[in-house]
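Thanks for making the time this morning.

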Amino acid sequence: MRCLLVAIVALMVFSCSEEKEHTAPAIHDRDSVSMMTSYGVNTLISDSGVIKYKIVTERWDVNTVKNPTRWTFICGIFMEQFDEKFNIQAYIQADTAWYYDQIKLWELRGRVRVRNVNGLHFTSEELFWDGMKHEFYSNMLSRVVTPERTLQGTYFRSDERMIHYTVSNSKGSFVKQDNNAAAPADAQAPKDTTSTPVLRPAATKHAATPKPQTP
């Protein structure tokens, strides 16, 4: 009996010494942690004391740990772009957006739409806005529609106001001018640059009308 008791005590001591604690590993990767998360945002953003744009979004995450640091808009974004006099120059929207604040670069993805005050409509699945170089660019199929023409191509580059732009590898259609309307002498060439030449309407020949005979 004494031997059995000693064996039980020894087994209990051995079991306790072999018992391991089941714990989850420590989390060291803080890249997914946002410093700030805001919901239902409607705010003005300034740069060097000048208001640049207005942002409307359902969710805004600010992450200062990732390299480069960034703002993330996973629920879509709508922006109004302003000039130096606080006049609206363009409306911009996208399904998802990132703003890399250290290099002043916007990355817009998914159903990107831009409309400026000159009547230009831009659509694509991708658009980058470089605040350092003050330009837009895209390497995906983009479509540009203006009151005068419609263009699309796989490469797009433009100034911030989308007044001077380039569309490469493009296809397009243009508005045909009235043959009877004379073009003004001081008409200026379009400010955009494309690889598609402007098609001019062919001249119309009119048959001579016979004179009536005198009886």
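Predicted model: local features only at pLDDT ≥ 70, side-chain atom pairs only at ≥ 80, totals over all residues.

Let me start with the cluster into which ring pairs link Tyr53, Trp60, Trp71, Phe73, Tyr99, Trp106, Trp129 and Phe136. Residues are numbered from 1 along each chain as its sequence is written, and side-chain values use heavy atoms, with hydrogens and water left out.

As for the pairing rule, rings of Phe, Tyr and Trp (its six-membered ring) pair if their centres lie within 6.5 Å, and planes under 30 degrees apart count as stacked, over 60 as edge-to-face and the rest as tilted. By this rule the count comes to 13 aromatic pairs. One of them joins tyrosine 53 to tryptophan 106, edge-to-face, at 5.7 Å centre to centre and with 80° between the planes. That pair links distant parts of the chain, since tyrosine 53 is in strand E2 (residues 50–63) and tryptophan 106 in strand E7 (residues 105–116), 53 residues apart; strands here are DSSP runs of E, at least two residues long, and helices are runs of H or I, at least four, both numbered from the N terminus.

Buried means under 20% relative accessible area, exposed over 50%, and partly exposed in between, with a 1.4 Å probe and protein chains only. Tyrosine 53 counts as buried because its relative accessibility is 7%, and tryptophan 106 counts as buried at 2%. The rings of tryptophan 60 and phenylalanine 73, by contrast, have their planes at 20° and their centres 6.0 Å apart, so this pair is stacked. It too links distant parts of the chain, with tryptophan 60 in strand E2 and phenylalanine 73 in strand E3 (residues 70–73), 13 residues apart, and both residues are buried.

Which residues have the most contacts inside the largest nonpolar core? They are Ile77, Met79, Trp106, Leu108, Phe122, Leu127 and Phe156, in a core of 30 residues, where a nonpolar core is a set of buried Ala, Val, Leu, Ile, Met, Phe, Trp, Tyr and Cys residues joined through side-chain atoms within 4.5 Å.

Turning to isoleucine 88, its place is in strand E5 (residues 88–94), and it counts as partly exposed because its relative accessibility is 29%. Leaving aside neighbours within four places in sequence, isoleucine 88 is in contact (heavy atoms within 4.5 Å) with Glu80, Gln81, Phe82 and Val117. Isoleucine 88 and valine 117 are 29 residues apart in sequence, yet 7.6 Å apart in space, C-alpha to C-alpha.

Phenylalanine 86, in the loop between E4 and E5, has a positive phi near 70° and is partly exposed, with a relative accessible area of 43%. Arginine 111, which lies in strand E7, also has a positive phi, of about 50°, and is exposed, with a relative accessible area of 52%.
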